[in-house]
Amino acid sequence: MKIVKIGIGLSALAFLLLSISVLHASLPPVKSEGGNPDLYSYFATTVPTIDGVFGSGEWQAPWQTITMDGLSFDLRIINDDRFLYMAFSTPDTTLNDNDGLWLYFDEDEMFPEPSYRNHDHLLTGYSEDMKHSRADGYFADNYYPPPPGGWLLDSGLPGGTDDGETAWGFITPDPGPGHWLIEVKLPLKSSDRLDLNARSGVILGLHIHYFDHSIATSYFWPSGSINIDATTWGNLWTSKTYGASVPHAHDVPGQWVAYLGLMNTGTSASTVVFSFYDDLGNLLGVTTIPLNPNAHYGNWVRVILGAPSFVGSIYITSNQPFCGQLNQHDAAMTQFAMYPFIGTN
Ligand SMILES: [Ca+2]
Ligand SMILES: [Ca+2]
Ligand SMILES: [Ca+2]
Ligand SMILES: [Ca+2]
């Protein structure tokens, strides 16, 4: 059982927002490296400027640490409904124009409709996407051709265009050493069929290749993965928000109301358990919500509880990760996600 605790005081919006920010801050780095490891994209609350500089407040997501063939890279990932943004802090301390980054994405092949389906660990001609960026500013958008496969430039086909932005910046902190920061922006869905055709909320396959030219060495995530075999790639969970229509008819004047939306973007059914506690820690009720793959679920917290009002905290557990959204009636919205709890308590 994976457990994440959040406290949600429905009597005060400020407390609700505070609780969610605490949840984000306490998320552990992703360490799973066996099989197909996971990375998580948080829903963007700000739109980053792709300039190779990590501006204050620009990347509103926790750092995730990945191991690429023995080297640790830190990255932050966010998305909105149109774009995926990635920020890399590399351990590469030698500035070289030919240092390079390749990002390979696997989606399913349900062209032309944008799909809620997840990556299929299968490389299908014209259905996948790859972005290649170099420290000297070179950028190339690529696609996966039909067999015998390989990766080719989008611009080599009629209508193929370069879609995406990257920027590299060499930062020299005190104390050092200096190292590369890389910012990336790419469309989840573009007008070019040779790019991703995905919606926010899907899981994409991801393969990362970093090349340190100074020592002519490549690093891969997942370690040992290769760019022509998507069964070796990792999972990138993207986030989705809800256009929730809050049911005014049930609202009680003068009270705060939280609207709860859940989405299971995984491939397994989730069992989500909400335990409601009052301010003294007394258990008020427990509700179990089954959430099938790619299913949406939305309701009011107090309706789940079965009580006309609720003030207290909610303890949520799940046997699978999922993403969700809390919407304080007509005023604010915040997203949260249930990821594996790593550690002890
Ligand atoms: Ca920036
Ligand atoms: Ca595929
Ligand atoms: Ca393209
Ligand atoms: Ca492409």
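A nonpolar core is taken here as a set of buried Ala, Val, Leu, Ile, Met, Phe, Trp, Tyr and Cys residues joined through C-beta atoms within 7 Å. In this predicted model, the largest such core comprises 49 residues, of which Ile77, Ile78, Met86, Leu103 and Leu206 touch the most other members. The greatest contribution to this core comes from strand 6 (residues 83–89), which supplies 6 residues.

Isoleucine 78, one of the residues that touch the most other members of the largest core, has contacts with Ser41, Tyr42, Phe43, Ala44, Trp59, Gln60, Ala61 and Tyr85 when residues up to four places away in sequence are left out of the count.

Strand 5 (residues 71–79) runs antiparallel to strand 4, and the two are joined by 5 bridges. Within this pairing, threonine 65 lies opposite aspartate 74 of strand 5. The hairpin formed by strand 4 and strand 5 has 2 residues between the strands, and aspartate 69 adopts a positive phi near 50° there. In a regular strand, side chains alternate between the two faces of the sheet. In strand 4 (residues 64–68), Gln64, Ile66 and Met68 form the covered face, whereas Thr65 and Thr67 form the uncovered one.

As to confidence, the chain has a mean pLDDT of 80, with 76% of its residues at 70 or more.

Conventions: Residues are numbered from 1 along each chain as its sequence is written. Chains are lettered from A and ligands numbered from 1 in the order in which they are written. A residue is buried if 20 or more other C-beta atoms lie within 10 Å of its own, exposed if 12 or fewer, and partly exposed in between; C-beta atoms are placed from the backbone. Helices (H or I, at least four residues) and strands (E, at least two) are DSSP runs, numbered from the N terminus. Two strands pair if DSSP finds at least two bridges between them. pLDDT is the predictor's confidence in each residue, from 0 to 100. Two residues are in contact if their C-beta atoms, placed from the backbone, lie within 7 Å.
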